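User: I've got this one open on my screen. Please walk me through it.

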Amino acid sequence: MNESKMKVLVTGGNGFLGSHIVRILLEEGYEVRAFILKGTPRDTIAGIACEIYEGNLLMPQDIENALEGCDYLIHAAAITDVWPTKNPFSWKINYELVKNIASIVQKKGIKKYIHVGTANSFGFGSPNEPGNEEKPFNSGKYGLDYITSKKAAQDFLLGEAKTESRLPVVVINPTFMIGENDTKPGPGEMIISVIKQKVPGYSAGGRSFASVKDVARACVIAIDKGQVGECYITGGTNLNYKQFFTLVAEKAGVKPPKVFVPTFLAVIFAALMQLISKMRNRKPLLSVTMAKMSGDGHYYSSLKAARDLDYVQTGLDKALAEALEWYKTHGYLD
């Protein structure tokens, strides 16, 4: 319990990760101000004792006003869209905004700035030798603006942490998060597709699947224990797609995809889907970029976070059960 009642601003406070950060901060005794985009729903943080600041992060004065009286900042807001692949708005929010925030953090004398990045800013590895904070970035080959904009922002922040003014930034790098409050849905889109039998097969790759609540707790712990200028990968269970889809199907009581789809076939299939979606002016279920990514194993280690932040992985089963219940009760599986 934090006895000093320090105040924390959480951007994206009503989002998938941000809403859990807000709740954990309150549990730990912090005062919390949640920055949310004006006019967006607050269901994920309804009925809890946090202050709401409605504004626009693209307005620097809104950021300054929201930080007034705050000791810390946890910046969880971001553009995580992977379609379209080239998206100027990703750069505007994930990079240009971050540069503005860094300047305002220095101006306002914020004690520590916890920045939520992505594990993709580091090299992924195999299940036996997963990626870590020392592995060089290798996801640039996908040409996905979400990934490249987040990497550019991280590089900028780490550079600022080394300057004379020493920006007090700590970066948390989540892997693929699962859990409640995925309102978009973002990560849950893949889970929902498996349950609705819209996934024809599985590819050769895989991911590190983390509980969103575990990641949120790491963001809060980083206020006290995170070292300035350091990054911490917050991952979970490394599974290939066949293993993960089977687990989801078992939990939901449906049949898992049983056909192995080589990457080159997935790319051809995705190209066809993109063409059809373009004609219908809608988002494709699978893009060429994501098809290429699905052939790689995006596996990561969280040993550094476990050592420095006491990062504890509560288990994929629990996170998945919570996610499925949440999707069910909110009508996403209808």
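Analyst: First, a term. Helices and strands here are DSSP runs, numbered from the N terminus; a helix has at least four residues, a strand at least two. And keep in mind that this is a predicted model.

User: OK. How many strands form the sheet, and in what order?
Analyst: There are 7, ordered β3-β2-β1-β4-β5-β6-β9. The sheet is open, and its pairing is parallel.

User: Which strands stand at the edges?
Analyst: β3 (51-55) and β9 (231-234). Each has a single partner strand, so one side of each has no neighbour in the sheet. From one strand to the next, the twist averages 20°.

User: Zoom in on β5 and β6. Over how many bridges do they pair?
Analyst: Over 4 bridges, in the parallel sense. β5 covers residues 112-116 and β6 covers 169-174. Within that stretch, tyrosine 113 stands opposite valine 169 of β6.

User: Which strands does α1 touch?
Analyst: Helix α1 (residues 16-27) packs on the sheet and touches β1 (7-11), β2 (31-37), β4 (72-75) and β5. Its direction makes about 170° with that of β1.

User: What about α6?
Analyst: Helix α6 (residues 212-225) also packs on the sheet. It touches β1, β4, β5, β6 and β9. Its direction is about 155° from that of β5.

User: Switching to charges. How many salt bridges does the count come to?
Analyst: 19. One of them joins glutamate 27 and arginine 217, with the closest N and O atoms 3.6 Å apart.

User: Where do those two sit?
Analyst: Glutamate 27 is in helix α1 and arginine 217 is in helix α6. They are 190 residues apart, so this pair links distant parts of the chain.

User: And glutamate 68, what does it touch?
Analyst: Arg33 and Lys108, leaving out residues up to four places away in sequence. Glutamate 68 is in the loop between α2 (60-67) and β4. Its C-alpha is 10 Å from that of arginine 33, and the two are 35 residues apart in sequence.

User: Aromatics next. How many pairs?
Analyst: The count comes to 10 aromatic pairs. Phenylalanine 35 and tyrosine 53 form a tilted one, 5.3 Å centre to centre with 35° between the planes.

User: Why does that pair tie together separate parts?
Analyst: Because phenylalanine 35 lies in strand β2 and tyrosine 53 in strand β3, 18 residues apart in sequence.

User: What is phi at glutamine 197?
Analyst: Near 60°, which is positive in a residue other than glycine. Most such residues have a negative phi. Glutamine 197 sits in the loop between α5 and β8 (206-211).

User: Last one. Which residues form the nonpolar surface patch?
Analyst: Leu272, Leu275, Ile276 and Met279. Together they have about 420 Å² of accessible area. Leucine 275 belongs to helix α8 (residues 263-280).

Key: Residues numbered from 1 in each chain as written. Predicted model: local features only at pLDDT ≥ 70, side-chain atom pairs only at ≥ 80, totals over all residues. Heavy atoms only, no water. Patch = residues over 30% accessible without salt bridge, like charges linked within 9 Å, V, L, I, M, F, W, Y side chains within 5 Å. Areas by Shrake-Rupley, 256 points an atom, 1.4 Å probe, with all protein chains shown as cover. Salt bridge = Lys/Arg side-chain N within 4 Å of Asp/Glu carboxyl O. Pairing = 2+ DSSP bridges. Axes fitted to C-alpha atoms, helices over the stretch in contact; angles between N-to-C directions. Contact = heavy atoms within 4.5 Å. Phe/Tyr/Trp six-rings, centres within 6.5 Å; stacked < 30°, edge-to-face > 60°.
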